[in-house]
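Hello,

Here is the structure for you to look through. My notes on it follow below.

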Amino acid sequence: MHGLGIKLTIVPIVMLLCVCKAITNLHPLILVPGSGGNQLEAWLTTGYKPLNLFCDRWYPISKDKEGWFRLWFDPSVLLAPFTKCFAQRMMLYYDHDLDDYRNAPGVETRVPEFGSTESLLYLDPNLKHLTAYMAPLVESLEEIGYVSGETLFGAPYDFRYGLAAEGHASHVGSKFLQDLKDLIEKASTSNGGKPVILLSHSLGGLYVLQLLNRSSPSWRQRFIKHFVALSAPWGGTVQEMLTFASGSSFGLPLVDPLLVRGEQRSSESNLWLMPSPKLFGPGKVLVITPNEAYSAHDIPHFLNDIGFPEGVIPYKSRILPLTEALTAPNVSVTCIIGTGLKTPETLFYGKAGFDEQPEVVYGDGDGTVNLVSLLALESLWADEKSQPLKVIRISGISHTSILEDNVALDEVIGEISSINSQAHVYFA
């Protein structure tokens with residue numbers, strides 16, 4: 001179960017009333033969602049072995065004529081027998097021989113509507129009032145003149161997968177980067193060669209920064225107008241350590257976190273979101289048990305102690321180098337973040353161990369991502385003379401409400417409008 005990028009609400013979203021004047025001559029804009037921020041579909045082959053009768057290939061009943069069905073988000077995940085089915089089908093497995101991740105046996109997955117905003121609007125189109133994600137943001141962009149499929153595009157992806165350090169295979173994540181790069185070029189070409197604005201949420205920001213730094217300076221100058229990152233967890237989160245240790249229902253009622261813990265541990269992108277040793281430091285204790293204290297520098301030891309030793313090798317070889325490589329891309333960057341909300345900072349486990357939820361000491365952040373992580377680029381790029389960076393802080397805005405709150409949307413739309421009014425800057 002994934003929730004760093006999306007947390008379902010149980011109240012209807014208030015329709016936004018925008019009085020913004022439409023802007024002419026817009027730069028094309030591409031939305032890159034966070035973890036869990038777009039629909040994901042699955043198809044079960046004859047190689048699929050169900051856990052029980054509930055999980056047989058008949059479930060769910062609603063499928064297309066080829067047998068594809070929506071894996072994320074499916075409301076039946078709220079019911080315990082089907083939670084297990086969901087977890088089994090969402091699982092990833094690290095293949096040591098391939099040095100890469102793969103789906104569970106017999107499960108094929110695909111991301112619908114790449115290039116479109118459709119799968120980013122609602123996680124379940126049949127439950128729009130409960131599962132809205134980027135719908136309020138898209139509506140606000142349309143108010144200033146953006147048109148889906150013409151100047152506004154979406155880049156959904158299989159958010160379970162991540163990227164890997166140089167020299168390691170990352171088939172799914174690398175393909176997404178190439179698809180995103182192709183979409184950027186297509187969007188620019190179809191809009192008279194104008195460079196593109198990239199607008200990401202949460203985990204999407206990490207992907208975008210990796211794409212920029214894996215592309216040539218000449219390509220960035222030609223195709224990228226600006227990068228706007230909302231709620232980006234540049235240095236990971238303490239919340240992720242809780243998820244790995246005890247599982248997390250991310251606010252979904254009736255879901256037992258232990259039922260989804262194995263699936264959450266298997267996610268390559270979740271491993272990518274562990275607290276960065278570079279930012280959290282060796283002296284900052286994040287998890288405390290009766291016998292141990294763990295900082296971000298102790299994550300391999302922590303993974304072993306929580307009963308997930310299979311995560312140690314991919315973390316050390318594939319993930320850790322990525323967390324240390326937040327290189328300035330020399331394109332204009334704006335970070336828009338929420339602050340002033342209670343955010344897990346230290347986890348205390350008692351004698352019952354990691355199967356119980358911990359006592360939590362809170363610090364500052366957006367309710368999910370710690371402030372030190374949200375502000376990482378500000379500290380890491382302080383001496384980068386050729387790297388334009390703007391940070392906008394919005395007090396009281398959470399990790400996901402930044403996509404729907406009127407005050408937050410005004411800030412986001414104001415920044416996009418300002419970017420569109422600026423001449424393109426070429427960096428040395």
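Four strands form an open sheet with mixed pairing, in the order 11-10-13-14. Two strands pair if DSSP finds at least two bridges between them. Helices (H or I, at least four residues) and strands (E, at least two) are DSSP runs, numbered from the N terminus. This is a predicted model, in which local features need pLDDT of at least 70 and side-chain atom pairs count only at pLDDT 80 or more, while totals for chains, interfaces and linings use all residues. Residues are numbered from 1 along each chain as its sequence is written, and side-chain values use heavy atoms, with hydrogens and water left out.

Strand 13 (residues 343-348) and strand 14 run antiparallel and are joined by five bridges. Leu347 stands opposite Val360 in strand 14. Helix 8 (residues 238-246) packs on the sheet and touches strand 10 (285-288), strand 13 and strand 14. Contact here means heavy atoms within 4.5 Å. The direction of helix 8 makes about 45 degrees with that of strand 13.

There is also an open sheet of six strands, with parallel pairing and the order 7-1-8-9-12-15. Its edge strands are strand 7 (152-154) and strand 15 (389-395), each pairing on one side only. From one strand to the next, the twist averages 15 degrees.

Is strand 8 buried or exposed? Six of the six residues of strand 8 are buried, so strand 8 is largely enclosed by the rest of the structure. Buried means under 20% relative accessible area, exposed over 50%, and partly exposed in between (1.4 Å probe, protein chains only). In a regular strand the side chains alternate between the two faces of the sheet. In strand 8, Val196, Leu198 and Ser200 point one way, and Ile197, Leu199 and His201 the other way.

Strand 1 and strand 8 run parallel, joined by four bridges, and Ile30 has Leu198 in strand 8 as its bridge partner. Strand 8 also pairs with strand 9 in the parallel sense, over six bridges, where the partner of Leu199 is Val228 in strand 9. Strand 9 (residues 224-230) pairs in turn with strand 12 (residues 333-339), again in the parallel sense, over four bridges. Phe227 has Val333 in strand 12 as its bridge partner. Helix 4 (residues 135-143) lies across strand 1 (29-32), strand 7 and strand 8 (196-201), and runs at about 170 degrees to strand 1.

The loop between helix 5 (171-189) and strand 8 holds Gly192. Gly192 is exposed, with a relative accessible area of 74%. Gly192 and Ser249 are 57 residues apart in sequence and 45 Å apart in space, C-alpha to C-alpha.

How many disulfides does a search of the whole structure find? The search finds one, and this disulfide joins Cys55 to Cys85, with an S to S distance of 2.1 Å. The pair links distant parts of the chain, 30 residues apart: Cys55 is in the loop between strand 2 (40-44) and strand 3 (69-72), and Cys85 is in helix 1 (residues 80-90). A disulfide is taken as a pair of cysteine sulfur atoms within 2.5 Å. The torsion about the S-S bond of Cys55 and Cys85 is about -85 degrees, so the disulfide is left-handed. Cys55 is buried at a relative accessible area of 0%, and Cys85 counts as buried at 0% relative accessibility.

Helix 1 is mostly covered, with eight of its eleven residues buried. Among them are Phe82, Cys85 and Arg89. The buried residues of helix 1 pack against strand 2, strand 3, strand 4 (92-95), strand 6 (107-110) and helix 9. The axes of helix 1 and helix 9 (residues 257-266) come within 8 Å and cross at roughly 5 degrees. Helix 1 and helix 9 are therefore roughly parallel to each other; angles under 35 degrees count as roughly parallel, over 145 as roughly antiparallel, 65 to 115 as roughly perpendicular and the rest as oblique.

Regards

Methods: Axes fitted to C-alpha atoms, helices over the stretch in contact; angles between N-to-C directions.
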